[in-house]
Amino acid sequence: MGVDIRVEHVNAWYGTTHTLKDVSLHIPANKATALIGPSGCGKSTFVRCLNRMHETTPGARVEGTINMGDLNIYTDASPVEVRRRVGMVFQRPNPFPTMSIYDNVASGLRLNGFRKRRVLDEVVERSLKQAALWNEVKDDLRKKSGASLSGGQQQRLCIARALAVDPEVLLMDEPASALDPVSTSKIEDLIFELKRDYTIVIVTHNMQQAARVAEQTGFFLTGVMVEFDATEKIFTNPSDKRTEDYITGRFG
Ligand SMILES: Nc1ncnc2c1ncn2[C@@H]1O[C@H](COP(=O)(O)OP(=O)(O)OP(=O)(O)O)[C@@H](O)[C@H]1O
C-alpha cells in the first residue's frame with residue numbers, strides 16, 4: 001500500500017544557491033499528486049529530496065523534515081532503504097540497455113539479495129503486468145534487450161523495474177514528455193491503475209496531463225510552493241494570482 005508523505009519546511013541548496021525555500025505540503029496516500037511550474041522552479045529538486053537523491057549531488061544539501069507514513073526518511077532510514085521504498089521513473093527511459101527485459105526487472109531484487117528463480121519469475125511477471133507491458137513482451141523476456149523496445153515500452157519497463165522492489169511511493173519526473181501521444185496515454189492509464197497500490201508524485205509540464213491524472217496539484221515558482229490544492233481548484237479557481245497567471249499562460 002502507499003503511504004502519505006508529510007513535508008515540513010524543506011529547504012534545499014546546490015552549493016550556496018538556495019533552490020527550494022521552506023516547502024511544506026501533505027501528499028496523501030494512494031492518490032496522484034502533480035507538481036507543475038516553469039522550467040527551473042525546483043520541481044525535480046523537490047522530488048529528488050523525496051528519495052534522498054538530492055544529497056548525492058556534490059555540494060548539495062537538504063534541511064527540514066520528510067515523513068513517509070511514520071518514517072522520517074532523513075533520520076530513521078538509510079538512503080538505500082529510502083530508495084527501496086520510493087521508486088523513481090525519469091523523463092528519458094533508462095533501461096539497462098544490454099540486459100534482457102527479465103534482468104532489467106529483476107535487477108533491483110538481485111541487488112537486494114533475492115536469488116530464488118521462482119520468486120524472481122513471479123515478481124518479474126507481476127511487475128510487468130502492473131506496468132501493462134506483460135502481453136507485449138512475455139515471449140521475449142530473455143531474448144530481447146531493454147534497448148530493443150520502443151520508447152513507450154522502455155518507459156513501462158522502467159516502471160516495472162521500479163515496482164519490482166515493492167515500493168510504497170512512485171516518483172515520476174516528466175515520465176511521458178519524451179513519448180508519442182499513444183504511449184503517453186498508456187502511461188496516464190497506468191497511473192490510474194497504480195494509484196490503488198502506490199502513492200504517486202508526478203512532475204509534468206503538461207497542465208492537461210496534471211488535470212487528467214492527479215487529485216492534487218502543487219504549483220512551484222522560483223523554489224517556493226505557491227499553492228497546493230485539489231487539482232480542480234488549481235485549474236479553475238486558484239487562490240493565488242501567480243498560479244492563475246501561470247495556468248492561463250501569462251508566463252512560463
Ligand atoms: N546539479 C545541479 N547543480 C547546480 N544547480 C542545479 C543542479 N540541478 C538543478 N540546478 C538548479 O536548480 C534550479 C531548480 O532546478 P530543477 O531541475 O529542480 O527545476 P525544474 O523545475 O525541475 O526544471 P525543469 O522543468 O526544467 O526540469 C535551477 O535553477 C537549476 O539550474
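**Helix packing and the ligand shell in a predicted model**

In residues 5-247, the end C-alpha atoms lie 25 Å apart, and the span is 38% helix and 26% strand; helices (H or I, at least four residues) and strands (E, at least two) are DSSP runs, numbered from the N terminus. The structure is a predicted model, in which local features need pLDDT of at least 70 and side-chain atom pairs count only at pLDDT 80 or more, while totals for chains, interfaces and linings use all residues. Residues are numbered from 1 along each chain as its sequence is written. An unreviewed UniProt entry annotates residues 5-247 as "domain: ABC transporter".

The ligand comes next. Its surroundings include Tyr 14, Thr 19, Gly 37, Lys 43 and Thr 57, where a residue is near a molecule if its C-beta atom, placed from the backbone, lies within 6 Å of it. Helix α1 (residues 43-50) gives the largest share of this shell, three residues. By class, the shell has two nonpolar, eight polar and one charged residues; Ala, Val, Leu, Ile, Met, Phe, Trp, Tyr, Cys and Pro count as nonpolar, Asp, Glu, Lys and Arg as charged, and the others, Gly among them, as polar.

Now to the helices. Two packed helices are described by the angle between their axes and the distance between the axes. The axes of α3 (residues 101-111) and α4 (residues 117-130) come within 9 Å and cross at roughly 110°; axes are lines fitted to C-alpha atoms, for helices over the stretch in contact, and angles run from 0 to 180 degrees between N-to-C directions. The angle makes α3 roughly perpendicular to α4 (under 35 degrees counts as roughly parallel, over 145 as roughly antiparallel, 65 to 115 as roughly perpendicular and the rest as oblique). Tyr 102, Val 105, Ala 106 and Leu 109 in α3 meet Leu 120, Val 123, Val 124, Ser 127 and Leu 128 in α4, contact being C-beta atoms, placed from the backbone, within 7 Å. Eight of the residues in this contact are nonpolar, one is polar and none is charged.

Helix α4 also meets α6: their axes come within 8 Å and cross at roughly 130°, which makes α4 oblique to α6. Here Val 123, Val 124, Ser 127, Leu 128 and Gln 130 in α4 meet Ala 160, Leu 163 and Ala 164 in α6. This contact has six nonpolar, two polar and no charged residues.

Finally, α6 (residues 151-164) packs with α7 (residues 181-194) at about 20°, with the axes 9 Å apart, and the two are therefore roughly parallel.

Note on methods:
Contact = placed C-beta atoms within 7 Å. UniProt positions renumbered as here; feature names shortened; annotations may be inferred.
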